[in-house]
Amino acid sequence: MSRRPPGARHRRGSAQVDGGGPGFDAWAPTYEHSLLQPALYEPAQHAVLELARQLAPQPRRVLDVGCGTGRLLRQARRHYPSATLVGVDVSTTMVAVAASTTRRPGIHYLPAAAERLPFASLRFDVVLVTMSLRHWNDLEAGVEQVQRVLTDGGVLVIADVFPAGPRRSRLRRWTGDQAGLPVELAAILGAQRLMMVARDRVPWSMLPDIQVIAARKPSQQPRGTGSRLGPAAAMRPWAVRHACVGAQPDAKML
């Protein structure tokens, strides 16, 4: 998923944005042909995949949160020819378009929000979030869910455009970079024990640079620690309420 289409609502405070309503459903039929694809989304996707491939060259399963019409996963198949690729998006119409335009095997799509990922814990070696973080309704809950479904040692790669500001953030102090990143995101990643391991940027003339951030989950969780599990933790790997659109998931995922 990407920038807000017409009709999407922005809620200030706690980095909450509601972009999963009728606006994205209406945009889905023309999304593949948007001028923003070559100008913004494709460079961000390329940077995310390059960084993910460096940090996790042979994952078994890859999850794209906010997959839109599936462009990133179709590109990811070339990087990960044997991995199971799964995309989720809160817009059912985006998911339907993704399924109809994907002909490569081993790529699956289903409607789901970042805050309620319908998968068992420790399922994905790589989670990608490209230009969709701003559309999550609850940033803390979404990162918590990503941490839950990541395998130990798994990698999260985020790409988004963050507004620049004069205030120094915790993440900026960690990296020594002068470009601003939200204090809230840095704090939430730290609270979930997702430690930043790499960072890149993609220049874009119309907005601040696209920031690409990679964080890794520790290889082993110390006893008695880890995130609290929300309602989605009790769901089956592929919940009935989120019926898979297009090709059925591999039986090994169940």
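I count two strands as paired if DSSP finds at least two bridges between them. The model I am reading is predicted.

**Entry 1: strand β3**

I started with β3, residues 61–65. Three bridges join β3 to β6, residues 124–130, and the two strands run parallel. Within that pairing, V62 stands opposite V126 of β6.

I then looked at β4, residues 84–89. β3 pairs with β4 over five bridges, in the parallel sense. Here the bridge partner of V62 is L85. I followed the chain from β3 to β4 and found that it passes through helix α3, residues 71–79. This β-α-β crossover is right-handed.

Next I checked burial in β3. Five of the five residues are buried, so the strand is largely enclosed by the rest of the structure. Both faces are covered. R61, L63 and V65 are buried on one side, V62 and D64 on the other.

**Entry 2: I210**

I looked up I210 and found it in strand β9, residues 210–216. Is I210 buried or exposed? I210 has a relative accessible area of 1%; the cut-off for buried is under 20%, so I210 is buried.

What does I210 touch, beyond its neighbours within four places in sequence? I noted L40, A44 and M131 among its contacts. A159, D160 and V161 are also on the list, as are D200, R201 and V202. D160 is 50 residues away from I210 along the chain, yet their C-alpha atoms are separated by 5.4 Å.

**Entry 3: salt bridges**

Side chains of opposite charge can pair when their charged atoms come close. I went through the salt bridges, and the count comes to six.

D160 forms a salt bridge with R134, at 2.4 Å from N to O. D160 lies in strand β7, residues 150–161, and R134 in the loop between β6 and α5, so the pair ties together parts that are 26 residues apart in sequence. D160 is buried, at 1% relative accessible area. R134 is partly exposed, at 26%.

R201 is partly exposed, with a relative accessible area of 34%.

Last, I checked R53 and E50. Their closest N and O atoms are 3.1 Å apart, and they form a salt bridge. Both lie in helix α2, residues 36–55, three residues apart, or about one turn of the helix. R53 is partly exposed at 37%, and E50 counts as partly exposed at 24%.

Conventions: Residues numbered from 1 in each chain as written. Predicted model: local features only at pLDDT ≥ 70, side-chain atom pairs only at ≥ 80, totals over all residues. Heavy atoms only, no water. Buried < 20%, exposed > 50% of the residue type's maximum accessible area, 1.4 Å probe, protein only. Helix = DSSP H or I, 4+ residues; strand = E, 2+ residues; numbered from the N terminus. Right-handed = clockwise from strand over helix to strand, strands pointing away. Contact = heavy atoms within 4.5 Å. Salt bridge = Lys/Arg side-chain N within 4 Å of Asp/Glu carboxyl O.
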